[in-house]
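Subject: Structure handover

Hello,

I am passing on the structure we discussed. My notes on it follow below the display.

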Amino acid sequence: MDLEAQNHRQIEALNQRGGRTLTIVDLIRAGTITPVMAAYAMRAIENGASILTAAKPGGAGKTTLLAALLHFLPPGVPIITVARSEVIAEGLKRPPERPACYLAHEIGSGRWFAYIWGRDVVSFLSLIQGERRIASCLHADTLEELREMFTGPPIHASRKLVARVGLILFMFAGIIEGRFRHRVSTVYQADGKGGHRLVFRWHKEGDRFESLLTAEDLAALDPYQRFIDRIVKEGEAEAEIVRQRVFEFYRRIPRE
């Protein structure tokens, strides 16, 4: 089985709802995320960002969002699911210049497949180096809750390790104007100074998204947003087709 087929299987294994795995095209159409937010995430992921999606309640859509974002991985990055602690240990021996995305289905105390907890989480975060990255979900509604979860017992990770995570997205699920909806409520990116900066937030009142990007940020996003706009307009939402379009885009836009 080739690398891309293997990656597709790893992403499909995240599907907890049955049916077709949703893509970024589906999420934009549903109003869960905006095209500019998707473009921002795509650019960060193309440039090596690790990903965490978070929401305290189950069913908020954090796993669905994570699966959709994994379609933005550049070509040649294998997804390695952390099915046991030894996978992390083996990953730490892997040269950091060799691309890899280590996927934990959730950071939590459950005993289900690919869940990690305790000191394994510290080792998981330690994987972030060079071309090695991580991706996972967890139960937290705010950045402070997430930090407390990581730095408190039984994980005891340092804030420095948490700051390695390039992209953190929080989810909301609930009634909006009489209908149950999912929304990406806040997006943070690592600031390179030991913390994270808020780049997008959603306001329940008025069901509106707010961008905190600078003019320089927006200029850098232009080719990515044009790409996102194009695939949404094309209307093809199948994972294989979206992934093919992502590959075609990356062939034209060199990594920074």
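This is a predicted model. The chain has 256 residues, and a compact globule of that length would have a radius of gyration near 18 Å; the value here is 17 Å, which agrees. The C-alpha trace spans about 45 × 40 × 40 Å along its principal axes. Ten helices and ten strands make up the list of elements in the chain.

Of the contacts between residues at least 6 apart in sequence, 67% join residues at least 24 apart. The accessible surface comes to about 11,700 Å², and carbon and sulfur atoms account for 50% of that.

I looked at one element in more detail. Helix 10 runs over residues 239-252, which is 14 residues, and reaches 20 Å from its first C-alpha to its last, close to the 20 Å expected. Its buried residues are Ala239, Val242, Arg243, Val246, Phe247, Phe249 and Tyr250. Because these cover an arc of only 165° around the axis, they lie on the same side of helix 10. Their cover includes helix 1 (3-12), helix 2 (24-29), helix 3 (35-46), helix 4 (62-70) and helix 9 (215-234).

Last, the cysteines. The structure holds zero disulfides. For Cys101, the nearest cysteine sulfur is that of Cys137, 12 Å away; a disulfide would need the two sulfur atoms within 2.5 Å. Cys101 has 0% relative accessibility and so counts as buried. Cys137 is likewise at 0% and counts as buried.

Regards

Conventions. Residues numbered from 1 in each chain as written. Predicted model: local features only at pLDDT ≥ 70, side-chain atom pairs only at ≥ 80, totals over all residues. Heavy atoms only, no water. Helix = DSSP H or I, 4+ residues; strand = E, 2+ residues; numbered from the N terminus. Expected span 1.5 Å × (residues − 1). Buried < 20%, exposed > 50% of the residue type's maximum accessible area, 1.4 Å probe, protein only. Arc of directions from axis to C-beta. Contact = heavy atoms within 4.5 Å. Rg over C-alpha atoms; globule rule 2.2 N^0.38 Å. Areas by Shrake-Rupley, 256 points an atom, 1.4 Å probe, with all protein chains shown as cover.
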